Amino acid sequence: MYLAVSLAILVTMVLAVIRAVLGPTVYDRVIAFNMFCTKIVLMLSVIAFLMGRPDFLDLALAYAMINLVGLLAVLEFFQSRERSG
């Protein structure tokens, strides 16, 4: 069961990378990268459960917070770049 979940997460990670590479706009690429990072957090949570290591959940939460702050910074950068020129 957990192998199927892990494989499904990996497949969606590959699809996110494909979307990030082929995305027609910058925003599509940013959202695909955000989805990829969310899948990493999910994979860390599954690994934490399988290995019986709850400290991995702390890493997953920290990674999720860094992902959110980074996403907001990148979107603000692109928004200010569009306003200026």
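Let's begin with arginine 53, which is partly exposed because its relative accessible area is 35%. Here, buried means under 20% relative accessible area, exposed means over 50%, and partly exposed lies in between, using a 1.4 Å probe and protein chains only. Before going on, keep in mind that this is a predicted model, where local features need pLDDT of at least 70, side-chain atom pairs count only at pLDDT 80 or more, and totals for chains, interfaces and linings use all residues. Residues are numbered from 1 along each chain as its sequence is written, and side-chain values use heavy atoms, with hydrogens and water left out.

So what does arginine 53 do with its side chain? Arginine 53 forms a salt bridge with aspartate 55, and the closest N and O atoms are 3.0 Å apart. A salt bridge is a side-chain nitrogen of Lys or Arg within 4 Å of a carboxyl oxygen of Asp or Glu. The general idea is simple: side chains of opposite charge can pair when their charged atoms come close. Aspartate 55 is partly exposed too, at 36% relative accessibility.

The structure holds two salt bridges, and the other pair to look for is arginine 83 with glutamate 76, whose side chains meet at 3.5 Å, N to O. Arginine 83 counts as exposed because its relative accessible area is 58%, while glutamate 76, at 43%, is partly exposed.

Now back to the stretch around arginine 53. Glycine 52 and proline 54 both sit in the loop between helix 2 and helix 3, and helix 3 covers 55–84. Helices (H or I, at least four residues) and strands (E, at least two) are DSSP runs, numbered from the N terminus. Glycine 52 is exposed at 54% relative accessibility, and proline 54 is exposed at 57%. How far is this loop from parts of the chain that come earlier? The C-alpha atoms of glycine 52 and valine 17, 35 residues apart along the chain, are separated by 29 Å. For proline 54 and threonine 12, 42 residues apart along the chain, the C-alpha separation is 24 Å.

Next, look at how helix 1 and helix 2 sit together. Two packed helices are described by the angle between their axes and the distance between the axes. In this model, the axes of helix 1 and helix 2 come within 8 Å and cross at roughly 160°. Those axes are lines fitted to C-alpha atoms, for helices over the stretch in contact, with angles running from 0 to 180 degrees between N-to-C directions. Helix 1 and helix 2 are therefore roughly antiparallel to each other. As for the cut-offs, angles under 35 degrees count as roughly parallel, over 145 as roughly antiparallel, 65 to 115 as roughly perpendicular, and the rest as oblique.

Isoleucine 18 lies in helix 1 and is partly exposed, with a relative accessible area of 43%. Its C-alpha atom is 8.5 Å from that of alanine 32, 14 residues apart along the chain. Over in helix 3 you'll find valine 74, partly exposed at 34%. The C-alpha atoms of valine 74 and valine 30 are separated by 8.0 Å, though the two are 44 residues apart along the chain.

Finally, turn to the surface. Which residues form a nonpolar patch there? They are Met1, Tyr2, Val5, Ile47, Phe49, Leu50 and Met51, with about 740 Å² of accessible area together. Patches are made of residues with over 30% relative accessible area and no salt bridge, with like charges joined within 9 Å and nonpolar side chains (Val, Leu, Ile, Met, Phe, Trp, Tyr) within 5 Å. Accessible areas come from the Shrake-Rupley method with a 1.4 Å probe, and for residues, only the protein chains shown count as cover. Helix 1 (2–22) and helix 2 (26–51) each supply at least two residues of the patch, and helix 2 gives the largest share, four residues. Methionine 1 sits in the segment before helix 1 and is exposed, at 79% relative accessibility.
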